[in-house]
Amino acid sequence: MRLLIMGPPGAGKGTQAVELAKRLGGAHISTGDIFRANVSQQTELGQAAQRFMDAGEYVPDEITNAMVRDRLTQDDAREAFILDGYPRTIDQVDTLDTILSGLGNKLDGVISLVVDPEELIQRLLKRAETSGRADDTEEVIRHRQEVYTNETAPLLEVYGSRGLVIEVDGMGEADEVGRRIVDALPS
Ligand code: ADP
């Protein structure tokens, strides 16, 4: 199965995507994780991405798209994957369409995790106490929510018009949310 998981920062995409990839036997592809690994190793890609990430801005599409193209054409992503944190812009949607059609594949569903906005801020502030992430300060957290609302929330309409969106209530315990996702998956 080939899935996207979408939702605002703090919605729990990463936690759910890891479990789901294990369950489906596919690759978990988190653009945020790949960027952070590159920043910590100070690769060329990491150096290009870092200042955008620290400010809570999106990394420019040409950088992100090239990285995802490369990752999606690796063997472990051929049959099944869960993409977490991509696409985030309309340009990335177009690129993903092109990559997948080039491989003769298409998406099976887009999981949309829905969480109350104040709960999101509280979760991220709590994570900030231990994450060590440069983008987990209150100001940057609030900015990331705004960027999501402006740039990424509209993507749900695009995928909605293709009949792909599966809305899942993301409030409550992670295990419970995980069960809701599994129950909602296309058969
Ligand atoms: P969050 O926890 O805020 O959802 P992620 O861990 O997914 O964030 O990503 C962290 C940062 O990495 C983003 O704020 C952004 O700078 C960069 N990033 C991740 N995915 C993308 C993407 N698809 N396009 C552009 N930038 C991205």
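A pocket, on a 1 Å grid over the protein atoms alone, is an open set of points where a 1.4 Å probe fits, with protein on both sides within 12 Å along at least five of seven lines. A molecule sits in a pocket if more than half of its atoms lie within 2 Å of its grid points. In this predicted model, local features need pLDDT of at least 70 and side-chain atom pairs count only at pLDDT 80 or more, while totals for chains, interfaces and linings use all residues. Residues are numbered from 1 along each chain as its sequence is written, and side-chain values use heavy atoms, with hydrogens and water left out.

The ligand takes up the space of the largest pocket. Around the ligand stand 18 residues, with Thr-31, Arg-36, Glu-57, Gly-85 and Arg-144 the closest; a residue is near if one of its heavy atoms lies within 4 Å. Helix α2 (residues 31-40) gives the largest share of this shell, four residues; helices here are DSSP runs of H or I with at least four residues, and strands are runs of E with at least two, numbered from the N terminus.

Polar contacts, pairs of N or O atoms within 3.5 Å, come next. A ligand nitrogen atom lies 2.7 Å from an N or O atom in the Thr-31 side chain. A polar backbone atom of Gly-85 is 2.8 Å from a nitrogen atom of the ligand, and a polar side-chain atom of Arg-88 is 2.8 Å from a nitrogen atom of the ligand.

As for the overall fold, the protein chain has nine helices and five strands.

Definitions and conventions:
A polar contact is a pair of N or O atoms within 3.5 Å; within protein, one must be able to donate a hydrogen and the other to accept it, and residues adjacent in sequence count only if both atoms are side-chain atoms. On a 1 Å grid over the protein atoms alone, a cavity is a set of points where a 1.4 Å probe fits but cannot get out, and a pocket is an open set with protein on both sides within 12 Å along at least five of seven lines; lining residues have an atom within 4 Å of a point.
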